[in-house]
Amino acid sequence: MRNITLFKSGNHRFMLLNESEPGEEDGIRSNQYLIVHDDSAVLLDPGGFGVMPRVLAEMLRHTGPDKLKAIMLSHQDPDIVGGISTWLELTQAPVYVSRIWMRFLPHYGIKAMDRFHGVPDEGMACSISPGFDLQLVPAHFLHSEGQINVYDPASKVLFTGDIGAAMMPTDEDEAFVDDFAAHLPYIEGFHRRYMVANRAARIWVDAVSELDVAILAPQHGPVYRGQAVKDFLAWFRELECGVDLMTGSGTFRKG
Ligand SMILES: [Fe+2]
Ligand SMILES: [Fe+2]
């Protein structure tokens, strides 16, 4: 999947830039997203070191690195942050990440932390440019202890990081989830094992249900739209996962 426009209206576009993780046959494929509003752009979860050149190539079709006004990191994983030191050299953009991960990021080869903004636990509003406002929404313990989502009210897209992430077979290249029941086998195992607890899932579902969400865009796999958004939220709200399923040291209930 490359360069798929999820939303376009006037001067505002929300795009799935690229889905890839080359070089590692078993490495998980990841999505990178770009929001463009007039002359300003925001990059969401730019990806690992290996995907950086391709993400940049796709981005250049829409905007230049000098137009990037912010880079958002949903959490601290290498499939998100691995390429960040190169992005820091290419752009002047500030980087937003949960404040609890700030002290760990220098280990990604980052020399100075002055361009990083620690997002507080309760999230924050983020004004990018006139008429371009994003909301950083808390999603803690799903799966990361410090996880943020990005809500774009203009497009009604909620970027959810690993929430909703699918492990798709390599020959599957669908961009959208329309039939949630058919999609469930690709997300169930991941969510049961990686998401920390039902309590976190439930709190998150109840919070994001206050937002007007047309599209739910995860960091891996296809993008949820229409009824599939509602179906995913209803399923996730009831999901037993992580510590809910622990029966002993190294053992988990099947569900
Ligand atoms: Fe992750
Ligand atoms: Fe991920």
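**Group meeting: core, sheet and loops of a predicted model**

Let me begin with one residue: setting aside residues up to four places away in sequence, Leu34 touches Met15, Leu17, Ala41, Leu43, Met59 and His62. Please keep in mind throughout that this is a predicted model.

Leu34 belongs to the largest nonpolar core, which has 67 residues. The residues with the most contacts inside that core are Tyr33, Leu34, Ile71, Tyr96 and Ala217. Its largest share, five residues, is supplied by helix 7, residues 227-238. As general background, nonpolar side chains in soluble globular proteins tend to be buried together.

Let me now turn to the protein as a whole. Its secondary structure comprises seven helices and 16 strands. The radius of gyration is 17 Å, close to the 18 Å that the globule rule gives for 255 residues, so the protein is as compact as a globular protein of that length. Along the principal axes, the C-alpha atoms fill a box of roughly 50 × 40 × 35 Å. Of the 255 residues, 43% are buried. Among contacts with a separation of 6 or more, 62% are between residues 24 or more positions apart.

Seven strands form an open sheet with mixed pairing, in the order 8-9-10-11-13-14-12. At its edges are strand 8 (124-129) and strand 12 (176-177), each of which pairs on one side only.

Gln135 stands opposite Tyr151 in strand 10.

The loop between strand 9 and strand 10 holds both Phe141 and His143. What kind of peptide bond joins Leu142 and His143? The bond is cis, with omega at about -10°. Phe141, which is not a glycine, has a positive phi near 70°. Phe141 counts as buried because 20 C-beta neighbours lie inside 10 Å, and 20 is the cut-off for a buried residue.

A further positive phi, about 45°, is found at Asp45, also not a glycine. Asp45 lies in the loop between strand 4 (40-44) and helix 1 (52-59). Is Asp45 buried or exposed? Asp45 counts as buried, because it has 26 C-beta neighbours inside 10 Å.

For context, most residues other than glycine have a negative phi, and most peptide bonds are trans.

Definitions and conventions:
Residues are numbered from 1 along each chain as its sequence is written. Chains are lettered from A and ligands numbered from 1 in the order in which they are written. This is a predicted model: local features need pLDDT of at least 70, side-chain atom pairs count only at pLDDT 80 or more; totals for chains, interfaces and linings use all residues. A nonpolar core is a set of buried Ala, Val, Leu, Ile, Met, Phe, Trp, Tyr and Cys residues joined through C-beta atoms within 7 Å. A residue is buried if 20 or more other C-beta atoms lie within 10 Å of its own, exposed if 12 or fewer, and partly exposed in between; C-beta atoms are placed from the backbone. Helices (H or I, at least four residues) and strands (E, at least two) are DSSP runs, numbered from the N terminus. Two residues are in contact if their C-beta atoms, placed from the backbone, lie within 7 Å. The radius of gyration is taken over C-alpha atoms; the globule rule is 2.2 Å times the number of residues to the power 0.38. Two strands pair if DSSP finds at least two bridges between them.
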